[in-house]
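Biologist: Could you walk me through the pockets, the cavity and the ligand here?
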Amino acid sequence: MRAVDIINSSFKKNCTLCPRLASHLQTQRLIYPEYFNLPVPAFGDPDAGLLIVGLAPGHHGANATGRPFTGDHAGILLYKTLFELGLCTKTESISADDNLRLLGCRITNAVKCLPPKNRPTTEEIRTCNPYLRHEISLLRSNGVIFALGGIAHAAVLRAYKAKLSEYKFIHGHVHSLPDSRVLVDSYHCSRYNTNTGRLTPSMLKSALELAQSLTTQNL
Ligand code: URA
């Protein structure tokens, strides 16, 4: 199967469509044999009302544990905030078998495999996009997509074949998507953004609270 043949494809745990990412994972299997080192699947109820989209698995986080935003700095604030809003059952996500449950939401990434230096190429984002498109298709028809960062924002629009120029990334902004769903933007909860104060805990909480309120309004 070639990338161009897939329009809307469900997640494949052994996907090797991106040669650079497949080779990087192969190397990681030798260096960190105890790590997950595979495409990281979405986590949570497939037909949840809220889909949170990150960038890509972190090296020693999702790539190690097999659950998005789990095991590294980026997930600490995210799961704490989700817990405070009643969207998950624990304050911390430690491992894929820690019994944490998401409540009414699902978390995925724009790119499912660990990219070198945390930076997927445009081609890799494009190749992985059918998986995101499929995840969006499972989201409730009036659901809410929460994009963590500009790359996630652009990947969601790509999944919709919508023009990026018509949807400017603005933290806390609500965009109406071409169907009945909406997109809410947030700065990514990366170490860099939280250390520099670009994203504070209260900014993330307000943006997620907004997304949550739109989810329930749309019921
Ligand atoms: N971990 C993820 O799963 N996604 C990110 O975007 C960052 C860390």
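Modeller: What follows goes through the ligand, then the pockets, then the cavity. This is a predicted model, where local features need pLDDT of at least 70 and side-chain atom pairs count only at pLDDT 80 or more, while totals for chains, interfaces and linings use all residues. Residues are numbered from 1 along each chain as its sequence is written, and side-chain values use heavy atoms, with hydrogens and water left out.

Biologist: OK, which space does the ligand take?
Modeller: The ligand takes the space of the largest pocket. A pocket is an open set of points on a 1 Å grid over the protein atoms alone, with protein on both sides within 12 Å along at least five of seven lines, and a molecule sits in it if more than half of its atoms lie within 2 Å of its grid points.

Biologist: And which residues surround the ligand?
Modeller: Among them are Gly54, Leu55, Ala56, Phe69, Asp72, Asn109 and His188, where a residue counts if one of its heavy atoms lies within 4 Å. By class, this shell has seven nonpolar, four polar and one charged residue; Ala, Val, Leu, Ile, Met, Phe, Trp, Tyr, Cys and Pro count as nonpolar, Asp, Glu, Lys and Arg as charged, and the others, Gly among them, as polar.

Biologist: What lies 2.8 Å from the ligand's nitrogen atom?
Modeller: That is an N or O atom in the side chain of Asn109. For His188, a polar side-chain atom lies 2.8 Å from an oxygen atom of the ligand, and a backbone N or O atom of Phe69 lies 2.9 Å from a ligand oxygen atom. The protein buries 94% of the 240 Å² that the ligand exposes when taken alone, with areas from the Shrake-Rupley method and a 1.4 Å probe.

Biologist: Back to that pocket, what volume does it have?
Modeller: The largest pocket has a volume of about 550 Å³, a volume being the space filled by probe spheres set on the grid points. Its lining has 27 residues, and Leu55, Ala56, Asn118, His188 and Ser190 lie nearest its centre; lining residues have an atom within 4 Å of a point.

Biologist: Which helix gives the most to that lining?
Modeller: Helix H5 does, with three residues, and H3 (73–84), H5 (150–159) and H6 (191–196) each supply at least two. Helices are DSSP runs of H or I with at least four residues, numbered from the N terminus.

Biologist: Now the second largest pocket, where does the largest share of its lining come from?
Modeller: That share, five residues, comes from H5, and helix H4 (122–138) is also a contributor of at least two residues. The second largest pocket has a volume of about 200 Å³, and its lining divides into seven nonpolar, one polar and three charged residues, with Arg126, Arg158 and Lys161 among the residues that line it.

Biologist: Changing topic, how many cavities of 30 Å³ or more are there?
Modeller: There is one, a cavity being a set of points where a 1.4 Å probe fits but cannot get out. Of its 14 lining residues, Cys15, Cys18, Cys113, Cys128 and Tyr131 are the closest to its centre. About 100 Å³ of space lies in this cavity, and H4 supplies the largest share of its lining, four residues.

Note on methods: A polar contact is a pair of N or O atoms within 3.5 Å; within protein, one must be able to donate a hydrogen and the other to accept it, and residues adjacent in sequence count only if both atoms are side-chain atoms.
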